[in-house]
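I am opening a notebook page on a structure that is new to me.

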Amino acid sequence: MLTEDLENLKREICGEIDEIDFSNKKGLADIRVKVFGKAGCLTLLSKGMRDLSPEERPVVGALINEVRNFLEEKISSKEKDFEKQELRERLEKEKIDITEPSREKIGAAHPISNVLDRLTDICVSLGFSVVEGPEIETDYYNFEALNTPKNHPARDMQDTFFINDNILVRSQTSAVQAREMEVRKPPFKIICPGKTYRNDSDSTHSPVFHQLEGLVIDENISMADLKAMLTILMKRLYGEDTTIRFRPSFFPFTEPSIEVDVSCPNCHGKGCQTCKGTGMLELLGAGIVNPKVLEMSGIDSKKYRGFAFGFGLDRTAMILNSINNIRYFYRNDIRFLNQMK
Ligand code: PHE
């Protein structure tokens, strides 16, 4: 009798388990209670063992064990299936679609930062160190230490914003040269990029603009070194077919002084709007550091010589991006900046 009950129970429960599908997780838990719980059917049947004869007991006991193991196995396996299914559904739901276009607005570096980054990379690869100096400067470092005493006519070239008789906003990054020469031991190669200020304002001049200054101090420096360095720099910046031209000029802190023109990267020397038909662009001031300047900064001018160059980053950025008005750089107009990506 008990044997038959067990067989029936096994068949019945198996059927129930098979019918349960994933949507009915609770149903499976219920079956577990119904079979194995305190008042579960298998538990009750086990209790019925008491009434059996000693001969029957081991036979039925073995059968009960077999049914218990069988059902346990079947329920657990279904539970595991459910867990797997659950995990699959969760992963599906939480999946991030990486092909979806981002709603973040991706910005871009300002054209002047871009030019500065490029130039810095080039100069660092040529062995220069990058140094910065203060924008609020003393008259001494901006002018006097650069061989431009008070009332020197060369001061007129730079319409300077003075804060008082001794303090000004620097009109040239050459001020950093003077500071660095005082504290560095030659030989050294530095570039000094940064903001500079002059009372100038038209389509190619802004009261705030950016310069990059280069200074090399070593023994036996000559114009040939300066020319070679500038040629490499300009070729890397504007392209391999770029040529440069030296014109005599004057700066109090260099002797001889030159201005440097570069073949127009737009028309390659033929003449176009960018170069106003001349085929060349006036780009930099440069020269051999005046021995007086070396001496004032405590460098032995018998042993050491140097060359320096300085140029405008705004102008460079204008040429490289074909921008015809410097003010675009400072207006913060998002429509302009969007085109610079
Ligand atoms: N400081 C000069 C200027 O602003 C440029 C310059 C730098 C010239 C270094 C010679 C050497 O006009």
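Entry 1: The ligand takes up the space of the largest pocket. I keep in mind that this is a predicted model.

I then asked which elements give two or more residues to the shell around the ligand. They are α7 (174-183), β5 (208-218), β8 (280-289) and β9 (305-312). The largest share comes from β9, which gives three residues.

**Entry 2: the shell.** I listed the 15 residues around the ligand. Gln 172, Ser 174, Arg 198, Gln 211 and Glu 213 come nearest. Next I sorted the shell by residue type. I noted five nonpolar residues, eight polar ones and two charged ones.

**Entry 3: polar atoms at the ligand.** Which atoms of the ligand lie 2.8 Å or 2.9 Å from a side-chain N or O atom?
- Gln 172 places a polar side-chain atom 2.8 Å from a nitrogen atom of the ligand.
- Ser 174 has a side-chain N or O atom 2.8 Å from a nitrogen atom of the ligand.
- Gln 211 has a side-chain N or O atom 2.9 Å from an oxygen atom of the ligand.

I also checked how much of the ligand is covered. Taken alone, the ligand exposes 320 Å². The protein buries 92% of that area.

**Entry 4: salt bridges.** I turned to charged pairs. Side chains of opposite charge can pair when their charged atoms come close. I counted a pair when a side-chain nitrogen of Lys or Arg was within 4 Å of a carboxyl oxygen of Asp or Glu. The count comes to 18 salt bridges.

I picked one of them to follow. The side chains of Lys 10 and Glu 66 form a salt bridge, with N to O at 3.5 Å. Lys 10 belongs to helix α1 (residues 2-19) and Glu 66 to helix α4 (residues 56-94), so this pair ties together parts that lie 56 residues apart in sequence.

**Entry 5: the backbone.** Where are the cis peptide bonds that I noted? One joins Pro 186 and Pro 187, with omega about 0 degrees. I placed Pro 187 in the loop between α7 and β4 (188-197). Another cis bond runs from Glu 255 to Pro 256, and its omega is near -5 degrees. Pro 256 is in strand β7 (residues 254-263).

Asn 147 sits in the loop between α6 (139-142) and β3 (167-169).

Terms used. Residues numbered from 1 in each chain as written. Predicted model: local features only at pLDDT ≥ 70, side-chain atom pairs only at ≥ 80, totals over all residues. Heavy atoms only, no water. Near = heavy atom within 4 Å. Polar contact = N/O pair within 3.5 Å; in protein donor to acceptor, adjacent residues only side chain to side chain. Areas by Shrake-Rupley, 256 points an atom, 1.4 Å probe, with all protein chains shown as cover. 1 Å grid on protein atoms, 1.4 Å probe; cavity = no way out; pocket = protein on both sides within 12 Å on 5 of 7 lines; lining within 4 Å. Sits in = over half its atoms within 2 Å of the grid points. Helix = DSSP H or I, 4+ residues; strand = E, 2+ residues; numbered from the N terminus. Nonpolar A, V, L, I, M, F, W, Y, C, P; charged D, E, K, R; others polar.
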